[in-house]
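Please open the structure in your viewer and keep the selection panel at hand. The tour goes from one selection to the next.

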Amino acid sequence: MKHWRETAELGARIIRLAELGERAVLATVVDIAGSAYRRPGAKFLIERDGKTLGSVSGGCLEADVREVARSVIDSGVARLLHYDTGSDDHTVWGLGLGCNGSVDVFVQSATEPSALDHLRRVSDYLRESETFAAATIVDGPTHVGRSILVSSTAHHEDRTGHSQLDLNLRRVASAAMTRGISRLERLDSHLVFTDVLVVPPTLIVCGAGDDAVPLVAYAADAGFSVTVVDHRSSYLSAVRFPAARRLVEARPDVHADVLGVDTRTMVVVKTHAFAHDRDWLRLFLETEASYIGLLGPHGRAAEILRQVGKKDERVFGPVGLDVGAEGPEQIAISIVAELLAVHARQQAGHLRERGAAIHAI
């Protein structure tokens with residue numbers, strides 16, 4: 001879900017660079033095997049002056065990708081790179097990183113006219129908050145770098161100039177969007193990467209006190225679309241919550257439709273007022289929200305649930321993972337960690353106890 005925000009930020013930056021007459025390159029992870037730090041769809045922007053935004057790894061590949069980007073900026077010719085991160089010093093590129101995996105990265109000009117047209121359409125989808133897929137040819141005899149966009153509702157004018165290829169790309173993109181997974185696959189003589197961008201889950205934070213500031217910031221940075229709700233208008237400001245998508249002035253008697261609650265909605269109730277927390281919980285229990293976190297100790301949560309008169313597995317009280325957190329920042333980290341685990345349907349635990357490769361497909 002982090003890809004949604006990352007794509008929006010990089011797209012806005014690329015469009016701005018083009019307006020200033022600057023050139024830049026976009027690198028995208030298109031395939032991984034074994035352990036990898038980023039998943040397919042992760043993006044890395046390299047500007048002509050060397051400035052960067054985003055990442056394709058934990059920092060081990062970026063220097064080499066930056067060097068390749070210079071040649072792509074000068075030539076305009078896209079490159080498909082393969083990195084083997086095994087421990088052998090004789091692996092591809094001689095990196096010998098010891099990560100026991102491989103990463104394929106597609107590097108292309110981002111500021112040429114056709115790429116800009118594609119990015120502007122992508123930006124439209126991101127603003128409309130509609131799940132979509134972009135199928136891009138990353139290798140083959142023709143049309144390398146050309147993309148086709150597909151969504152469940154829109155009509156698309158994208159063209160490669162070859163009608164049958166356009167039809168096949170739309171079919172591949174639609175299938176990937178249905179699966180909800182970005183992937184690299186062979187399409188006749190072309191290698192195609194389909195980047196599926198799923199609308200991120202909404203996090204509603206009830207209570208705009210000072211301890212909500214780090215929670216909103218961390219959750220937004222992790223990829224959640226955050227709505228902050230409070231009945232005190234003075235607390236709801238863009239200065240306090242610059243990363244929030246919505247600021248809603250409301251009390252617990254508001255209709256849930258105002259907040260747009262659905263099955264992809266997660267909630268943290270933390271007004272620090274017992275009656276307000278109880279009433280917010282009562283409201284959200286009548287919705288399809290997938291997660292409802294309650295700030296406060298066990299006894300407080302138990303009493304709120306007793307007064308509401310309803311137990312529900314969606315309620316997490318006290319909210320957050322047990323990481324020994326103290327203070328607003330650490331508590332926010334524990335809450336976001338729990339949100340990520342629940343959203344991914346993962347049982348939180350130590351990675352050293354995980355048998356499978358991290359991020360393996």
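What follows is a series of stops at salt bridges, ending at a glycine in a loop.

This is a predicted model, in which local features need pLDDT of at least 70 and side-chain atom pairs count only at pLDDT 80 or more, while totals for chains, interfaces and linings use all residues. Residues are numbered from 1 along each chain as its sequence is written, and side-chain values use heavy atoms, with hydrogens and water left out.

**Salt bridges**

How many salt bridges does a search of the whole structure find? The search gives 21, a salt bridge being a side-chain nitrogen of Lys or Arg within 4 Å of a carboxyl oxygen of Asp or Glu. Side chains of opposite charge can pair when their charged atoms come close.

Select Asp124 and Arg127. Their closest N and O atoms are 2.3 Å apart, and the two residues form a salt bridge. Both sit in helix α3 (residues 113–128), three residues apart, about one turn of the helix. Helices (H or I, at least four residues) and strands (E, at least two) are DSSP runs, numbered from the N terminus. Asp124 is partly exposed at 35% relative accessible area, and Arg127 is exposed at 57%. Here buried means under 20% relative accessible area, exposed over 50%, and partly exposed in between (1.4 Å probe, protein chains only).

Next, select Arg282 and Asp279, whose side chains meet in a salt bridge at 3.0 Å, N to O. They too are three residues apart, in helix α6, about one helical turn. Arg282 has a relative accessible area of 35% and is partly exposed; Asp279, at 25%, is also partly exposed.

Asp277 lies in helix α6 (residues 274–285) and Arg300 in helix α7 (residues 298–308), so the pair ties together parts that are 23 residues apart in sequence. Asp277 is buried, with a relative accessible area of 1%.

Now select Arg179, Arg183 and Glu185, which are linked in a network of salt bridges.

**A glycine in a loop**

Finally, select Gly320, in the loop between β15 (315–316) and α8 (327–343). Is Gly320 buried or exposed? Gly320 is buried, at 17% relative accessible area. Leaving out residues up to four places away in sequence, Gly320 touches Tyr291, Ser334, Ile335 and Glu338, where contact means heavy atoms within 4.5 Å.
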